[in-house]
Amino acid sequence: MIRIIDATLATLDHCLPTREQLILFCDCMKTIGITDLEISQEVYQKLEKLPEGFRFYVKIDASPLQKFFRGIHRFICHNGENTESVMSEFQLNDIREIVQLRAHKSRDYVRIVGLDDLLCHNYEHAMKEIRQLLHRSKINFCPENTYGCASALAVQWILTGGSEITTSFAGSGNLAATEEVLMALRIAARYKPNQDITSLVKLKELYETITGKKISPYKPVIGNEIFHVESGIHVDGIAKNPSNYEAYPPESVGQTTKIILGKHSGTSSVEIKLKELGMGSVDQETTLVILRKIKKLSMKKRDSLSDEEFNSIVREVMAYEGKKMDC
Amino acid sequence: MRERRWIVDTTLRDGEQRPGIALRPEDKIQLALLLDDINVHEIEVGIPNVDTEGIDYVKEIMKKKKNSYISVWSRVNEEDVIYSVSCCPDIIHIGTPVSYVQIYSKLKKNKVWMQKTLARCVDIAMNHGVKVTVGFEDSSRADVGFMIHTARLLKDMGVETIRIADTVGVLTPCRTRTMIEEILEHVDINIEMHAHNDLGMAIANSIEGAKAGAKLIDCALFGIGERSGNCNMWEFLHAAERTFDFGIQKKKVREVEKAFEKIAGGNWNEWENSSSF
């Protein structure tokens, strides 16, 4: 069984969410199939009562503190003592440090954090070595993202036989991004803990509200412009069959394809846009005239065109050529 | 000693296909010469199109560049290839779908048609004395056996490099490795890795591609490109420079990025070079 622990709520103490926001975040996580959540001590206090249906994890410095956190599934302790309620965490900054795990082979539950540059090495061999050294332990792998490879490493850990990883929404706190890992496992391993992941949009909005920062429009899986398409070849391909250029339906993550007009548009884009805006259709020759004007204007403003700009180009061309549209 | 690998910049072609970016010929000349200055191995400067920037800018870049190879992208279409030849670039890159989904439902053709048309296009370009590289679009969803067969045909025609394009961005590092190793096991040809970032794995897949034997790696400034973009050049160098020698100084990439921001407008680093946003 694959277990993804989402640690977003352990990374937001600098902008501590309200109780309502925390409850909503947990609910959204549940709808995308994630019920293992790591939270900070501050978040624990803020929640007052832990929502049901989750396994919560809290990082603490010493075992005696456990009594202050009721309802917690596991405590995460740096190099902690080996008890049933503890996951011992080890930070490895270099592949050469893996051998040090030998000293901890009797632990039941271990989290390995770090190994940012593992992909530059023989990562499969390193992952195998970790499993061999800790063959009696349950291992949670939490790669960090200094080199932009954390999501890939988390997915590779699962694909090479691992069962547990720690990630965070949008890669918060320099970790693998939960949504990227979830989507990659859906595609590469047919892992679908929940069919409906449309609430990723709600999670994104909530995350932006909490942190006060906008997520990149191009962020994989959750960026709000990742399904905007301008290139004529791509628009034509998507019109014929969306799977030509979309690895998964945009609707599955709560988004839609949007045709953008600009320098790279083709005739299909013009035809689709006319239809989309309820402007009827024009003959092929007129389509080409419209397209040339779109490209010209796009280069002039070094940007794509708005629907209003497209509308006025169409009207200008039709008026000049004295044509009527077939509505 | 670090192994040598080479960077192919695709900012001015695939990168520019991101909605909201529309460069003018003078912008492309300026950026191409800056990329040439920092020693990028190959610069893909665009898709020759009579309705946009035409071909004169390619000739201007060819006249002024000192270090890089200049390539233009062409569809697997004889007319397009002939027009591309008229730019007189160092390289014409001919892109053709290789997955059955794209051959049958995008081109609405079959495998035999694709190979024959590709061969004709390659022949036209080579007869004009231009070096040809071929892009295998949608390799990640293609049959490896078909790619090997096509690569062999191309090798026999004198094509030295094929581009493995993860067009929809679904590769994982292990699949990247398996695919490249399998092709190299059967065909003695240079591989160019072209990753997309749809699953946040463009850098990881590019690194794994290089480790598996890809000699050339495609990158774009800020990782711009369709959907979630291409492999971010600065971030890729940052991650892989201790393993491979790319002949490029990372800090100089930042200078070209600044020039790009000045031309295209906006603060692209705010989005692109942060793991979270």
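Visitor: What distance separates the centres of domain 1 and domain 2 of chain A, taken over C-alpha atoms?
Guide: In this predicted model, chain A is divided into domain 1 (3–211) and domain 2 (228–321). Taken over C-alpha atoms, the separation of the two domain centres is 43 Å.

Visitor: Which elements give two or more residues to the side of domain 1 of chain A that touches domain 2 of chain A?
Guide: Six residues of domain 1 of chain A are in contact with five residues of domain 2 of chain A. On the domain 1 side, the elements of chain A that supply two or more residues are helix H5 (178–189) and helix H6 (200–211).

Visitor: Which element gives the largest share of the largest nonpolar core?
Guide: The largest nonpolar core has 177 residues, and A:Leu153, A:Val181 and B:Ile217 touch the most other members. The largest share of this core is seven residues, and their source is helix H4 (residues 150–159) of chain A.

Visitor: Which residues does A:Leu153 touch, not counting residues up to four places away in sequence?
Guide: A:Leu153 is one of the core residues that touch the most other members. With residues up to four places away in sequence left out, A:Leu153 touches A:Leu118, A:Leu119, A:Tyr123, A:Pro143 and A:Ala176.

Visitor: How many residues of helix H8 (residues 202–212) of chain B are buried?
Guide: What covers the buried residues of H8(B) includes H4 of chain A, and from chain B helices H7 (173–186) and H9 (233–240) with strands E8 (190–194), E9 (216–219) and E10 (244–245). The buried residues include B:Asn205, B:Glu208 and B:Lys211. Helix H8 of chain B is mostly covered, and its buried residues number 11 of 11.

Visitor: Which residue just after H8(B) takes a positive phi?
Guide: The phi in question is about 125°. The residue that takes it, just after H8(B), is B:Gly213.

Visitor: In E4(A), what is the bridge partner of A:Lys59?
Guide: Strand E2 (residues 36–39) and strand E3 (residues 55–59) of chain A pair in the parallel sense over four bridges, and with helix H2 (residues 41–47) they make a right-handed β-α-β unit. E3(A) also pairs in the parallel sense with strand E4 (residues 74–78) of chain A, over three bridges. In E4(A), the bridge partner of A:Lys59 is A:Ile76.

Visitor: What feature does UniProt place at residues 5–254 of chain B?
Guide: This span is 42% helix and 18% strand, and its end C-alpha atoms lie 20 Å apart. The unreviewed UniProt entry gives the feature at these residues as "domain: Pyruvate carboxyltransferase".

Terms used: Residues are numbered from 1 along each chain as its sequence is written. Chains are lettered from A and ligands numbered from 1 in the order in which they are written. This is a predicted model: local features need pLDDT of at least 70, side-chain atom pairs count only at pLDDT 80 or more; totals for chains, interfaces and linings use all residues. Two strands pair if DSSP finds at least two bridges between them. A crossover is right-handed if, with the strands pointing away from the viewer, the path from the first strand over the helix to the second runs clockwise. UniProt positions are given in the numbering used here, feature names are shortened, and annotations may be inferred rather than shown by experiment. A nonpolar core is a set of buried Ala, Val, Leu, Ile, Met, Phe, Trp, Tyr and Cys residues joined through C-beta atoms within 7 Å. A residue is buried if 20 or more other C-beta atoms lie within 10 Å of its own, exposed if 12 or fewer, and partly exposed in between; C-beta atoms are placed from the backbone. Two residues are in contact if their C-beta atoms, placed from the backbone, lie within 7 Å. Domain bounds come from an automatic or database domain assignment.
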